[in-house]
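Please keep the sequence and the 3D view at hand while reading.

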Amino acid sequence: MRIRIDPDRCQGHSRCYAIAPDLFDVDDYGTATVRHDGHVPADLEESARLAIRNCPEHAIGIIAR
Ligand code: F3S
């Protein structure tokens with residue numbers, strides 16, 4: 001599974017980072033980026049899906065299954 005963040009949508013709510021700090025980073029402005037080039041280990045896929053559901057801006061998407 002591979003995910004990405006749309007930088008035009010991300011408003012820095014940081015919920016993704018709170019849910020899955022192994023998958024996301026936030027900069028000083030709270031804007032998130034994906035770690036590991038968006039590759040999600042199998043054991044973190046449920047966390048990734050939870051982060052996707054909890055982003056109020058719908059900024060996180062799955063780009064490969
Ligand atoms: Fe941005 Fe959504 Fe995370 S707005 S900081 S991708 S929760």
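**A loop residue and its surroundings**

Apart from neighbours within four places in sequence, D22 is in contact with R35, H36 and L44, where contact means heavy atoms within 4.5 Å. The model is predicted, so local features need pLDDT of at least 70 and side-chain atom pairs count only at pLDDT 80 or more, while totals for chains, interfaces and linings use all residues. Residues are numbered from 1 along each chain as its sequence is written, and side-chain values use heavy atoms, with hydrogens and water left out.

**Loop residues**

- D22 lies in the loop between α1 (15-19) and β2 (24-26); helices (H or I, at least four residues) and strands (E, at least two) are DSSP runs, numbered from the N terminus.
- D22 counts as partly exposed because its relative accessibility is 45%; buried means under 20% relative accessible area, exposed over 50%, and partly exposed in between (1.4 Å probe, protein chains only).
- The C-alpha atoms of D22 and V34 are 9.1 Å apart, and the two residues are twelve residues apart along the chain.
- H36 belongs to the loop between β3 (32-34) and α2, and with a relative accessible area of 49% H36 is partly exposed.
- D37 lies in the loop between β3 and α2, and D37 is exposed, with a relative accessible area of 54%.

**Backbone angles**

- Most residues other than glycine have a negative phi.
- H36 has a positive phi, near 55°, and is not a glycine.
- D37, which is not a glycine, has a positive phi of about 60°.

**Nonpolar core**

- The largest nonpolar core has 16 residues, of which I3, I5, C16, L23, F24, V40 and I60 touch the most other members. Such a core is a set of buried Ala, Val, Leu, Ile, Met, Phe, Trp, Tyr and Cys residues joined through side-chain atoms within 4.5 Å.
- At least two residues of this core come from each of β1 (2-5) and α2 (45-54).
- Not counting residues up to four places away in sequence, F24 touches several residues, including I3, Y17, T33 and A51.

**A residue of helix α2**

- A48 lies in helix α2 and is buried, with a relative accessible area of 0%.
- Leaving aside neighbours within four places in sequence, A48 is in contact with M1, L23 and V40.
- A48 and R2 are 46 residues apart along the chain, and their C-alpha atoms are separated by 9.4 Å.
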